[in-house]
Every structure is written in structure tokens, then in C-alpha cells.
Amino acid sequence: MDVEHMRRTASAIRQGVIELSHSAGTPHLGSSLSCIDILTSLYWSVMSIDPQQPNQPERDRFILSKGHAALALYVTLAERGFFSKEVLQTYNTDGGRLAEHPGPGCVSGIEAATGSLGHGLPLGIGMAMAARLKKSPTRVFVLLGDGECNEGSVWEAAMMAPAQNLSHLAIIVDYNKWQATARSNETLSLAPLAAKWQAFGWETHEVDGHDVGEITRILKQVPTNSGKPLAVIAHTIKGRGVSFMEDDNNWHYRIPSADEVRQAAKELQIA
Amino acid sequence: MRNAFAAEITELALADDRIVLLSGDIGNRLFDTFRERFPERFINCGIAEANMIGVAAGLAMNGFRPIAYTITPFITTRCLEQIRVDVCYHDVPVMIVAVGAGLSYASLGPTHHSCEDIAFLRALPNMAVVCPGDAVEVRLALREGAKRTSGTYIRLGKKGEAVIHKTPPAFTIGKAITLRSGREICLLSTGNMLPVAVETADLLTKSGLSPQLVSFHTVKPLDVDYLADVFKKFSTIVTIEEHSRLGGFGAAVAEWLSDQPPQRASLMRFGTSDEFLHESGEQEHARHHFGLTAPQMAEAIERRVFGPIRLSA
């Protein structure tokens with residue numbers, strides 16, 4: 001898909017996410033908006049997937065390790081055709097399938113249940129090792145949050161993937177510089193984040209996490225020629241796409257009002 | 001038990017190419033044969049247990065049957081969150097095999113003791129908790145565990161324990177094994193206490209009693225049919241485990257009992273008490289501290305059965 005089309009798709013996803021956050025009354029809007037360009041690049045240009053055959057064994061795998069951005073993933077999957085958009089209207093309703101964090105197999109296209117941070121990369125390593133044992137072309141993409149990189153299990157896994165030469169595994173860190181209650185670099189000593197992944201043995205790139213063309217170009221390098229797993233440090237803006245949400249961490253928990261939804265929709269149509 | 005584990009998984013891996021062994025950097029020479037035969041299916045995950053469980057779950061989600069192995073506290077309480085979410089919530093067939101259950105590594109101190117693991121693991125949905133009583137049961141438990149489609153926790157002692165079963169018994173996860181039939185007293189032993197339970201039964205027999213002896217190798221799913229039967233037929237039911245009386249096998253039986261109408265039998269539970277052991281010593285010493293040697297248990301059972309009159313007479 002061309003870059004312009006991906007940009008329009010990302011805007012549509014953003015609008016869907018904001019509307020659902022409002023109607024369902026659920027938080028984590030800032031965290032969802034910051035990773036939508038990455039999801040768009042993966043689902044429309046990078047990954048080998050078929051929504052009509054969601055369990056095809058040799059498909060590429062995506063794990064949303066920062067599971068609190070579930071809303072972004074649900075809307076992306078519906079937009080990509082994994083399930084009907086009507087299912088989105090059941091989000092966070094009593095008896096529904098779509099909880100605030102994705103459950104195992106809750107809808108077609110969900111590869112792993114996440115929500116507790118620091119789980120996605122170990123699972124991804126297991127999936128990548130399974131693919132290698134089966135001699136399958138499957139590649140595995142794991143999206144981490146920068147706050148999530150506080151978790152020790154992330155770094156256990158970060159040491160293992162290069163030791164196993166998992167060149168068909170990639171992580172993308174949605175580096176929006178915020179975690180739930182504070183700047184991520186003032187909470188724990190995260191920086192220099194790219195240098196850390198590089199030092200751990202990963203082929204590392206830094207990228208504008210809202211430049212779908214650039215994200216796509218880099219992620220298409222998986223499997224890497226270097227034989228190392230790929231780490232993409234995606235510099236992003238929390239709340240990206242809506243002027244009054246951008247880089248304002250109140251939107252980690254705030255729910256948009258009907259007026260704010262209308263205002264956001266206006267801005268997204270211009271973008 | 002440890003050597004039986006290594007031998008059995010090598011055979012399982014030969015028959016089933018979905019078996020993958022993950023080790024938390026232990027078992028120095030233990031897996032030489034496995035590694036030689038199946039180099040691609042042996043993964044030393046390093047001293048990083050949380051990651052190891054996640055990797056195992058990722059393999060299981062994609063058709064493999066991983067067995068994750070290290071020392072009991074490190075593969076249970078240390079990575080409980082990963083077992084809960086990655087293995088149990090996803091409901092995938094990972095076998096978690098722990099070595100050094102209870103006080104097996106008494107001399108290494110409480111960091112290496114494990115008297116809480118059954119309590120934690122049995123509280124997790126989809127998880128089976130199996131505590132084999134000897135090396136024969138270890139092999140059978142692994143064989144049966146490999147057939148399950150959910151998580152299975154297998155709790156091993158160390159090496160060199162007495163072998164109780166002269167021939168392999170019929171073994172089903174969730175079905176207790178009667179080793180000796182008796183009357184009035186029924187000893188239910190789980191895990192590596194089985195040889196001590198045998199000794200206890202011998203002492204009781206010398207005292208003129210006729211205890212029934214049972215290897216209750218599965219704590220979850222609990223063999224409630226067996227319990228319903230023995231609580232009707234016997235007067236004293238005794239649970240024996242190298243684990244805390246809080247939350248362990250005896251506690252599981254007590255929970256079941258509390259949901260039943262009044263039973264003929266009363267329950268007596270042996271296990272470790274609610275404390276860390278702040279002194280050095282071997283397993284036998286530690287068992288003595290907690291009243292878990294055969295003479296201590298036999299005496300306590302006799303006191304319960306005969307009452308204080310006979311003892312003072």
C-alpha cells in the first residue's frame with residue numbers, strides 16, 4: 001500500500017479509537033494514538049497475513065506487548081478485515097469479547113493475550129524459535145512501550161534473542177517518552193534506549209514513529225542480513241494526531257467528551 | 001527422581017518431535033544424551049526464569065510441547081506471573097518440571113527450599129499439579145503430562161530417593177494409587193514423602209494398626225472420588241507432604257472436606273509449619289524440625305488414634 005493511503009488509513013483508525021474511547025468510557029487513548037502508524041505499517045505493508053485465513057501456520061505474528069493499547073489493535077484488525085466493525089461496538093460491554101486488554105483468541109487476529117507488561121517479547125522469542133524448528137518463513141513482530149521497558153523480563157528476553165540469532169524477530173519500541181504517571185526517562189534510566197538494545201546485540205535503528213514510509217522500509221529488512229534480531233526505536237508522540245492530546249499525559253487516563261470527539265474528527269480529516 | 005526425569009524426556013523426545021527441553025542453566029551433565037540426540041530441541045535459557053516460561057508458552061502456542069526445568073522456587077514463585085498469564089491464561093501445554101521440592105535442598109537454605117509452590121500453582125486455572133512419589137511415578141507422570149493440552153506442574157525431589165513401586169502401576173493424573181489396603185487409618189502421601197509414608201505405615205503396623213497406604217500423586221485435579229470413599233470407610237485420614245500445611249495437599253483435602261456433609265472420618269495433616277528454617281542441616285534434619293520423620297508421624301498418629309491414656313499407660 002502506498003504511503004498516502006497508509007496515512008489515510010491511520011487517520012481513520014485514530015478516529016475509530018477516539019470514538020470508542022468516548023462511547024465505552026475507557027482510558028489509554030494517548031498510548032493507543034502513539035502506535036497507530038506503526039500498526040498501519042505492519043498490517044498494510046510489512047506483514048504476510050491474510051484476514052481470510054487468520055490461522056494460516058506460516059503467517060507472520062504480531063504481539064501487542066503494550067496491551068493497554070488494545071483499542072488501537074482492535075480497530076486496526078477490524079479495519080484490516082479480521083472481523084466485522086460491528087464487533088467493535090461490543091467493546092467493553094457486559095458479556096462482550098473485547099475487554100480493555102486482549103484475551104487469548106478473543107477475536108480473529110489476536111496472537112497473544114497481553115495487558116501485564118513484559119510478557120510479549122518472551123512469547124515472541126518462543127514463536128520465533130517455533131518457526132525456526134518448523135523451518136517456517138514466519139517472522140515475529142513485537143511492539144513494546146517505553147514504560148514497559150521498566151520490566152526486567154524485557155531485558156532477560158533482550159539477552160536471549162541475539163544469543164539465539166533470531167534474525168526473523170523484530171521489536172518496535174513505541175518511544176513516546178511518557179509512562180502512566182511521569183516522563184519515562186525521569187522514572188527509570190531508560191536513555192540511551194537505542195544504545196542499550198544495540199549493546200544487547202540487536203541490529204538497531206531509530207526512526208520517526210509516525211513516518212509510515214520509513215517504518216515500513218526498516219521493518220521490511222526482517223529477516224535481517226546481519227543475523228541479529230531487529231530493534232526499532234520509534235520516536236513517537238503520545239496522543240499523536242489530535243492537537244490537544246499530543247504530548248499531554250493526562251490523556252493516559254482521560255476520556256474524551258462528545259465535543260472533544262468532534263474536534264478530534266475535524267483535525268483528523270484535515271491531516 | 002532427577003535421573004528418571006532425564007531418561008524419560010529423552011524417550012519422549014524420541015517418540016514426539018514436538019518435545020522441546022528448556023533449562024534454566026542447571027543439569028550440567030544431566031542432559032548430555034538429550035542434547036546429543038536433539039541439539040535443536042535443547043535450549044539453555046540462562047538464569048532468566050521469567051523469560052524461559054514466556055518462551056515455553058510461545059513455543060506451545062505454535063505446536064510444540066515444551067518442558068521447562070529448573071530448581072523449584074525459581075520455576076514457580078519467581079516466575080509465577082509468567083506461569084499464570086503465559087501458560088495458564090493462554091491454556092497451552094507447557095510442562096513445568098521442578099527439582100528440589102520441599103526440603104530436598106535443605107542444606108542450601110530457605111532460598112532453595114520450596115514449601116509454598118503447591119499452594120501457588122494449584123490456585124491457577126488450567127494447571128494440573130502432580131507430585132510423583134518415586135522415580136517410577138516420575139516417568140509415568142511425564143508420560144501422562146505430555147498428553148495433556150494444558151499446563152502441567154511436575155514436582156520432583158532430588159536424586160537417589162528410594163524406589164517404592166517394584167513394577168509400574170496404572171497411572172492416571174488425578175487418580176490416587178493404593179499401595180496397601182488397610183482399615184481405620186488411611187495415609188495419603190503426596191510427592192517425595194512417599195518413602196517416609198511407607199516407613200510410617202510399617203511403624204504403625206508394628207503397633208498393631210493396619211493403615212491403608214496411598215500415593216496421592218496428583219494434588220490438582222484432586223481425586224475426590226477416592227476421598228469420598230476413604231472418608232466413609234476409615235476413621236482417620238492422614239495427609240503427608242513436604243510442603244506447608246497452608247495451601248498444600250492437606251489444605252486441598254481440608255477444603256474439599258469442608259464442603260461435604262459431616263463425614264465418619266477425621267482429618268490429620270502433616271506438613272511444614274509457617275516459618276523459614278533458620279538453621280543449617282540436611283533434609284533429614286529439616287524433616288525432623290517439622291515433625292516429618294516416620295517415628296514422629298507414627299507417634300502423633302497413635303496419640304490421635306489411641307488417645308493420651310494408652311500413651312501414658
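# Briefing: predicted model of chains A and B

With 22 C-beta neighbours inside 10 Å, His28(A) counts as buried (a residue is buried if 20 or more other C-beta atoms lie within 10 Å of its own, exposed if 12 or fewer, and partly exposed in between, with C-beta atoms placed from the backbone). This is a predicted model, in which local features need pLDDT of at least 70 and side-chain atom pairs count only at pLDDT 80 or more, while totals for chains, interfaces and linings use all residues. Residues are numbered from 1 along each chain as its sequence is written, and chains are lettered from A and ligands numbered from 1 in the order in which they are written.

**Backbone points in chain A**

- His28(A) is found in the loop between α1 (3-24) and α2 (29-34) of chain A (helices are DSSP runs of H or I with at least four residues, strands are runs of E with at least two, and both are numbered from the N terminus).
- The phi angle of His28(A) is near 70°, which is a positive value in a residue other than glycine.
- Lys177(A) also has a positive phi, near 70°, and is not a glycine.
- The loop that holds Lys177(A) runs between β3 (169-175) and α8 of chain A.
- Lys177(A) counts as partly exposed, because it has 19 C-beta neighbours inside 10 Å.
- Ala191(A) and Pro192(A) are joined by a cis peptide bond, with omega about 0°.
- Pro192(A) sits in the loop between α8 (184-187) and α9 (193-199) of chain A.

**Helix packing in chain A**

- Two packed helices are described by the angle between their axes and the distance between the axes.
- Helix α3 (residues 36-46) of chain A packs against helix α4 (residues 70-80) of chain A at about 35°, and their axes are 10 Å apart (axes are lines fitted to C-alpha atoms, for helices over the stretch in contact, and angles run from 0 to 180 degrees between N-to-C directions).
- From α3(A), Ile36(A), Leu39(A) and Tyr43(A) meet Ala72(A), Leu73(A), Thr76(A) and Arg80(A) of α4(A) (two residues are in contact if their C-beta atoms, placed from the backbone, lie within 7 Å).
- By class, this contact has five nonpolar residues, one polar and one charged (Ala, Val, Leu, Ile, Met, Phe, Trp, Tyr, Cys and Pro count as nonpolar, Asp, Glu, Lys and Arg as charged, and the others, Gly among them, as polar).

**Chain B overall**

- Chain B has 12 helices and 12 strands.
- The radius of gyration of chain B is 19 Å, close to the 20 Å that the globule rule gives for 313 residues, so chain B is as compact as a globular protein of that length (the radius is taken over C-alpha atoms, and the rule is 2.2 Å times the number of residues to the power 0.38).
- Along the principal axes, the C-alpha atoms of chain B fill a box of roughly 65 × 40 × 35 Å.
- Buried residues make up 53% of the 313 in chain B.
- Among the contacts in chain B with a separation of 6 or more, 78% are between residues 24 or more positions apart.

**Sheets of chain B**

- Seven strands of chain B form an open sheet in the order β2-β1-β3-β4-β6-β5-β10, with mixed pairing (two strands pair if DSSP finds at least two bridges between them).
- Strand β5 (residues 128-130) of chain B pairs with β10(B) in the antiparallel sense over two bridges, and Val130(B) has Thr218(B) as its bridge partner in β10(B).
- Helix α1 (residues 2-15) of chain B lies across β1 (19-23), β3 (65-71) and β4 (95-99) of chain B, and runs at about 145° to β1(B).
- Another open sheet of chain B has five strands in the order β7-β9-β8-β11-β12, again with mixed pairing.
- The edges of the five-stranded sheet are β7 (177-180) and β12 (266-272) of chain B, each pairing on one side only.
- The twist there averages 25° from one strand to the next.
- β7(B) and strand β9 (residues 212-215) of chain B run antiparallel and are joined by three bridges; Leu213(B) in β9(B) is the bridge partner of Arg180(B).

**Cis peptide bond in chain B**

- Lys220(B) and Pro221(B) are joined by a cis peptide bond, with omega about 0°.
- Pro221(B) lies in the loop between β10 and α9 (224-233) of chain B.

**Contact between the chains**

- Chain B gives 22 residues to the contact and chain A gives 17 residues.
- On the side of chain B that touches chain A, α3 (49-61) and α5 (80-89) of chain B are the elements that give two or more residues.
- α3(B) gives the most to that side, with nine residues.
- The residues on that side of chain B divide into 11 nonpolar, eight polar and three charged.
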